[in-house]
Amino acid sequence: MASRHAEIAGAGLGGLASSIALAQRGWSVRVHERSDTLRMFGAGIWLWENGLRSLAALGVEAEATKRARRIETLVARDDRGRPLMHRTFGEKDRMMLPPRADLYDALIARAAELDVEIVTSSAAVAARPDGELELEDGKVLTADLVVAADGVFSRIRESLLLTRRVDYLDEGYTRLLIPRRDGDPATEITEYWSGSRRLLYDPCTDELNYVCLCCNVDDVAGRQVPVDKASWLASFPELGGIIERIDEVGRWDRAMRVTCRDWSRGRAVLVGDAAHGQPPNLGQGANLTFQNALSLADYLDRGTDVPTSLVAWEKGERPLTDHVQKWTDLYGRVASAWPERFADRRSQFLETATKLPWIDRQLNRAARHVPVGSGRPATV
Ligand SMILES: Cc1cc2nc3c(=O)[nH]c(=O)nc-3n(C[C@H](O)[C@H](O)[C@H](O)COP(=O)(O)OP(=O)(O)OC[C@H]3O[C@@H](n4cnc5c(N)ncnc54)[C@H](O)[C@@H]3O)c2cc1C
């Protein structure tokens, strides 16, 4: 088959992963990024087995995780130290936690190796089902495939009338890196719960830990940046050693949820948060983005024509993504919308519920999924 061409809007994790998956299969690819530089915000990132397998197939796993901690356990505790959830990881069910910048740099380097063209200061404004991408400067580019990887507020998605709903949720997050100290837990992630607040402690590299502060949108002190340390200390008095190390200003992000009518129209397709933006409670947004970008290229490789392959891809991949969206949303509601006066009952409920094998399967269905296309070696 003659080389096919893709134009991609957005050089975030989704745009870069898509560009690599396509270029590995012989496509010529150009990525448009509206910012004037390529940069990544957001401290650390949880990479589950499904994401790691996808990154391996894209040829970036080793580089992306070269400084990352290998996590052995994930626990949640209430304000009395009671365990609400306990998850262990193993050889075929891994969790790694690199700084986001390492992951992003690895994707950029791999895209360059595959001759992907990345154009910065190039904002896309619309796509058309016949394979056109329109840029802000008025240029209209034609391609066999147009990928909208332009994030939660995707302009391209709406130009194709694919949006069903964009929900602003009742929780938000401040993400930070803090210096690591001797004696800090090295392989265990702990999510501390206190009322409607959560403090997530994550060992990240030999020098850094990743901390994520989660609270309800109405918690004015909780969402303050720079972080209101006294207020967080009042909620988590036992975590003074972590809170006092917060030095970065950080950024507070409100949780969002994107629901689409469809993921494609003709030759135009949505990838990443543009298709399935979700609250990050299960830490699967980017992992799903990687596996969906990989499987997209695989379906296109095996299919007869682009529009039919896109429809088949959505049919095959969307149910798992929808499932995660539902469960990550539910997790957030239990955490931040549960009435504080019934916090004790919440602890009892979670302690029991998270031990049920059925609940474990729902929460970890994506992590244990083997991504389509991940069996292929990471060569061009
Ligand atoms: C607090 C928090 C914690 C998270 N933690 C995790 C985690 O641990 N694990 C995990 O798997 N996921 C996590 N996620 C989710 C993950 O960050 C996202 O799913 C992922 O970054 C989505 O990547 P994306 O490329 O689709 O979108 P984005 O990262 O939003 O990238 C979109 C890109 O497109 C560009 N762009 C936008 N509009 C245009 C345009 N019109 N033209 C050209 N370019 C454009 C933007 O500048 C940007 O570079 C978390 C999210 C949050 C908020």
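Mentor: We shall go through the ligand shell, some helices and some strands in turn.

Trainee: What kind of model is this, and how are residues numbered?
Mentor: This is a predicted model, in which local features need pLDDT of at least 70, side-chain atom pairs count only at pLDDT 80 or more, and totals for chains, interfaces and linings use all residues. Residues are numbered from 1 along each chain as its sequence is written.

Trainee: Which residues come nearest to the ligand?
Mentor: Of the 32 residues around the ligand, Gly 10, Gly 12, Gly 151, Gly 272 and Gly 285 come nearest. A residue is near a molecule if its C-beta atom, placed from the backbone, lies within 6 Å of it.

Trainee: And which elements give two or more residues to that shell?
Mentor: They are helix 1 (13–24), strand 13 (163–179), helix 8 (273–276) and helix 9. The largest share, 4 residues, comes from helix 9. Helices (H or I, at least four residues) and strands (E, at least two) are DSSP runs, numbered from the N terminus.

Trainee: How do the shell residues divide by type?
Mentor: The shell has 12 nonpolar, 13 polar and 7 charged residues. Here Ala, Val, Leu, Ile, Met, Phe, Trp, Tyr, Cys and Pro count as nonpolar, Asp, Glu, Lys and Arg as charged, and the others, Gly among them, as polar.

Trainee: Back to helix 9: what should it span?
Mentor: Its 18 residues, 285–302, should span 26 Å at 1.5 Å a residue, and the end C-alpha atoms are 26 Å apart, which agrees. The expected span is 1.5 Å times one less than the number of residues.

Trainee: Is helix 9 mostly covered or mostly exposed?
Mentor: Helix 9 is mostly covered, with 16 of its 18 residues buried. A residue is buried if 20 or more other C-beta atoms lie within 10 Å of its own, exposed if 12 or fewer, and partly exposed in between, with C-beta atoms placed from the backbone.

Trainee: Now Leu 177. Where is it, and is it buried or exposed?
Mentor: Leu 177 lies in strand 13. It counts as buried because it has 24 C-beta neighbours inside 10 Å.

Trainee: What is Leu 177 in contact with?
Mentor: Leaving aside neighbours within four places in sequence, the contacts of Leu 177 include Ala 43, Cys 204 and Tyr 210. Two residues are in contact if their C-beta atoms, placed from the backbone, lie within 7 Å.

Trainee: Do strand 1 and strand 2 run parallel or antiparallel?
Mentor: Strand 1 and strand 2 (residues 28–32) run parallel and are joined by 5 bridges. The bridge partner of Ala 6 in strand 2 is Val 29.

Conventions: Pairing = 2+ DSSP bridges.
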